[in-house]
Every structure is written in structure tokens, then in C-alpha cells.
Amino acid sequence: MQPRNMSMSGVVDLAAVKAAQEAKAKAEQARAEAARQGGGGGAVSPASLVIDVDEAGFERDVLQRSTEVPVVIDFWAEWCEPCKQLSPVLERLAIEYNGRFVLAKIDVDANQMLMQQFGIQGIPAVFAVVAGQALPLFQGAAGEAQIRGTLDQLVQVAEQRFGLTGLTVDPDAAGPDAAPAVAPEIPAGPYDALLEAAVRALDAGDLAGAVQAYKNVLSDDPANSEAKLGLAQAELLQRVQHADPQQVRKDAAEKPGDVAAQIAAADLDLVGGHVEDAFGRLIEAVRRAAGDDRDAVRLRLLELFEVVGADDPRVTTARRALARALF
């Protein structure tokens, strides 16, 4: 029950695309099993779109439900004044979005284990779980426009990456315990086969094949976010595949002004999960370098931003530092 993959794009996970495909497959299997057992066939009432959840019911009400529909979690407490402003907005939007997500309300005072597992430092805090994948949305007070934008992104990710199209809502459906239903699934996207081929190539260790498969998607659809992320990750893995880590780090330490040495070391930093180290190394190289060398470092840094994800706060901080180094 421990949350994993706590960001849509902000955690350095070189198997993120593969994980998304696996989660999507598990969600489809869960929906098929529910249909086989006679579940998921009826509509839900609007009242069932907002539920109270505790530790005992978390697996059923959140994890299992997230294979059918995104579950937004509102961590709140009775004493929390900002919660009293935020929670009614989330409840109203859950009804307005008409089955595109379910709102699960968790009282942190009564469910402190869940609070600890999600690493929550303060409330209100809002997370989502999509196909078993936990995603942080925002913490603290937020305006309705910001909330709507976040929910729109969540719904889009759920549909495009996990095939979750939401629940069918019937205003006349019987009570909050009515069995949830899944809307008819949309047809497979035009690039699903190519993306699956890229994942299979990654599984087989064929990094060149994975790179080419992602490039095939991007040649027709340059804005395809899944292919852009997958390509950045596959190219990073390809660059470090045959590197000698000890020699790379030795060269970087002995040649601080050698742009190629610093770029190679930054790649290793990122693969090892040392995000700030990778970014800091390249920003310092930008400060020291000039001309074509400086541009080469800048471009590699932008590539690493793509791997980590534009929404990651470490990327935001590094972008500001890069701007200061350049200007």
C-alpha cells in the first residue's frame, strides 16, 4: 500500500514509460476481471463521486478504484481552516466533472499512517492515484482556476496514458453504494503500437531500437509527450551504456574545464538519481565555457530537463540558475 511514482513527470524514473504501459495493462486487466465477475456494469450516483476513506478501506476504495477512474485524495482535518475553504471546492468539482474522477477524503487525524506513507508535511494536501500510481497535485490553498487546470491535466493523463475514461453517472442511480461503471473505452491511439514496440525494445536491452521507435512517433507527432519523454530517457541510457563510471568521474574531477568530461559525468549523475548534482555540474560548466562549448552544455542540460520533467521543482530551480549563468 506504500505510494510509488509520486509525480506525473517529476521523478527521475528511467523506466517511467514502461511503468506507465504496465500500469495501463494492469488497469485493463482489472476492468476486464470486474466485468467478468459482473461488476462495473451499472451507473453510479453523483453522491458516490465523493467518499470518505480510512486506512482499512484504502486499498479497496482508492487503489482498486483507481484502475477504473482517477481518484483524487483530499487530506484534511477538522482544525485546518484552509481545508474548510478547499474541500467544498473539490467536492463541487467532483460533481461537475461528472465521473471523470472520484474524490476521496481522508482525515489525517484518524489516518496518520496514510499521511506518513504519502510523506505529507502539511495540509491541505491533494494527491491523485491513477492505475495504482500516486501523483502529488498540490499542497496548501489554491485558486479554483489552478485546481481546474490541475484536474484537466490529470484527466488527460489518465485517458491518454492509462486508458481511464471515467465512470458513467446517472442522477437516478441508487445511492452511494451503487456499483461503479466504466464508460466504453476509446479506440487505441494511432501510435500505441509504436510506443509498445519501444517498450519491448527497452525490455530487450535494444536501446537503439527504442530510440528509433520513439523517433518514428515524433516524426509524425512532434508534440507526443510520451514519446518525447521516452526518447530522452532512452538516449540517456544509450549514452551511458558502455561508459566506465570510474574513468568518467576521474576525468571530470581532473578536467573541470573539459566540457565533454562534465557532460558525461552529468549523464551518470542523473542515471544514479543525483539530479541536483547533474544540474549543478552543467550550470557551472555553462559559467566557465564560451561559444560552441557553452551551447553544447546548455543543450545537454535542456535534454536532462526533459528526462526529469518540466514540472519538477528541481528543474524550475535549475532553469533559473541557468538563466543567471547565461545572462
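This is a predicted model: local features need pLDDT of at least 70, side-chain atom pairs count only at pLDDT 80 or more; totals for chains, interfaces and linings use all residues.
Residues are numbered from 1 along each chain as its sequence is written, and side-chain values use heavy atoms, with hydrogens and water left out.

Let's start with β4 itself, residues 125-130. Strands here are DSSP runs of E with at least two residues, numbered from the N terminus. Is β4 buried or exposed? Six of its six residues are buried, so the strand is largely enclosed by the rest of the structure. Buried means under 20% relative accessible area, with a 1.4 Å probe and protein chains only. A125, F127 and V129 point one way, V126, A128 and V130 point the other way, and all are buried.

Now the neighbours. Two strands pair if DSSP finds at least two bridges between them. Strand β2, residues 71-76, pairs with β4 in the antiparallel sense over five bridges, and V71 has V129 as its bridge partner. Strand β5, residues 133-139, is also antiparallel to β4, with six bridges; there, A125 is partnered by Q139. β4 and β5 make a hairpin with two residues between them, and A131 in the turn has a positive phi of about 50°.

Finally, look at F127. Rings of Phe, Tyr and Trp (its six-membered ring) pair if their centres lie within 6.5 Å; planes under 30 degrees apart count as stacked, over 60 as edge-to-face and the rest as tilted. The whole structure has six aromatic pairs. In one, the ring centres of F118 and F127 are 5.0 Å apart with planes at 75°, so the pair is edge-to-face.

Technical notes. Buried means under 20% relative accessible area, exposed over 50%, partly exposed in between (1.4 Å probe, protein chains only). Helices (H or I, at least four residues) and strands (E, at least two) are DSSP runs, numbered from the N terminus.
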